[in-house]
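Colleague: Before I work with this model, I want to know what stands behind each term used for it. Can we take the terms one at a time?

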Amino acid sequence: MSLNLPFPIERYFDSEKSDQTEALSECFAADATVIDEARTHKGLEAIKAWRADTKSKFDYRVLPQDVKEEDGRTIVAARVEGNFPGSPVVLNHVFRISEGRIASLEIRP
């Protein structure tokens, strides 16, 4: 299925396919926030470290399945499957975009 995602969100999901964190600079604002597994990562360097840490622990892939707009947010339901407990799981990726970049992302069930 092809989803019509805003560029920074599309780039974010494309970046999930590699171990390179530099692509995150193309989609996140410098002061962006990511909330994942009840932990907050503030700023681009912290977000890159979060991604690198996750990639070092698990082999996984993220498959966007559905997208909707709600209250100024873009919510992407994605199937996440890999070698982590509870796999596979569908997680909602809740994005806020500001000035063409991801200002915040919350990953939740």
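This is a predicted model: local features need pLDDT of at least 70, side-chain atom pairs count only at pLDDT 80 or more; totals for chains, interfaces and linings use all residues.

Modeller: Contact means that heavy atoms lie within 4.5 Å. Helices (H or I, at least four residues) and strands (E, at least two residues) are DSSP runs, numbered from the N terminus.

Colleague: Which residues of α1 are the buried ones?

Modeller: They are Pro 8, Ile 9, Tyr 12, Phe 13 and Ser 15. Buried means under 20% relative accessible area, exposed means over 50%, and partly exposed is in between (1.4 Å probe, protein chains only).

Colleague: Why are they said to be on the same side of α1?

Modeller: Because they cover an arc of only 160° around the axis. The arc is that of the directions from the helix axis to the C-beta atoms.

Colleague: Which strands does helix α1 lie across?

Modeller: Helix α1 (residues 7-15) lies across β1 (28-36), β3, β4, β5 and β6 (101-108), and runs at about 140° to β5. Helix α2 (residues 44-57) lies across β1, β2, β3 and β6, at about 45° to β1. Axes are lines fitted to C-alpha atoms, for helices over the stretch in contact, and angles run from 0 to 180 degrees between N-to-C directions.

Colleague: In what order do the strands of the open sheet stand?

Modeller: The order of the six strands is β2-β1-β6-β5-β4-β3, with mixed pairing. β2 (39-42) and β3 (60-70) are called edge strands because each has a single partner strand, so one side of each is left without a neighbour in the sheet. On average, neighbouring strands are turned by 20° against each other, direction ignored.

Colleague: How do you know that β4 and β5 pair?

Modeller: Two strands pair if DSSP finds at least two bridges between them. Strand β4 (residues 73-82) and strand β5 (residues 89-98) have seven bridges, in the antiparallel sense. Along this pair, Ile 75 stands opposite Val 94, and Arg 79 opposite Val 90. β5 and β6 also pair in the antiparallel sense over seven bridges, with Ile 97 opposite Ile 102.

Colleague: What lies between the strands of the two hairpins?

Modeller: Six residues separate β4 from β5, and Gly 86 in that turn has a positive phi of about 90°. Pro 88 is in the loop between β4 and β5 too. The peptide bond from Ser 87 to Pro 88 is cis, with omega near -5°. Between β5 and β6 there are two residues.

Colleague: Why is Glu 99 called exposed?

Modeller: Glu 99 has 81% relative accessibility, so it counts as exposed. Its phi is near 55°, a positive value in a residue other than glycine. Asp 71, in the loop between β3 and β4, has a positive phi near 50°. Asp 71 is exposed because its relative accessible area is 66%.

Colleague: What makes Gly 43 buried?

Modeller: Gly 43 has a relative accessible area of 12%, so it is called buried. Gly 43 is in the loop between β2 and α2. Leaving aside neighbours within four places in sequence, Gly 43 is in contact with Ala 30, Asp 31 and Ala 32.

Colleague: What lines the largest pocket?

Modeller: There are 24 lining residues, of which Asp 36, Glu 37, Thr 54, Phe 58 and Leu 91 lie nearest the centre. On a 1 Å grid over the protein atoms alone, a pocket is an open set of points where a 1.4 Å probe fits, with protein on both sides within 12 Å along at least five of seven lines; lining residues have an atom within 4 Å of a point. The elements giving two or more residues are β2, α2, β3, β5 and β6, and α2 has the largest share, with five residues. The space in the largest pocket is about 550 Å³, where grid points are joined across faces, edges and corners and the volume is the space filled by probe spheres set on the points.

Note on methods: Residues are numbered from 1 along each chain as its sequence is written. Side-chain values use heavy atoms; hydrogens and water are left out.
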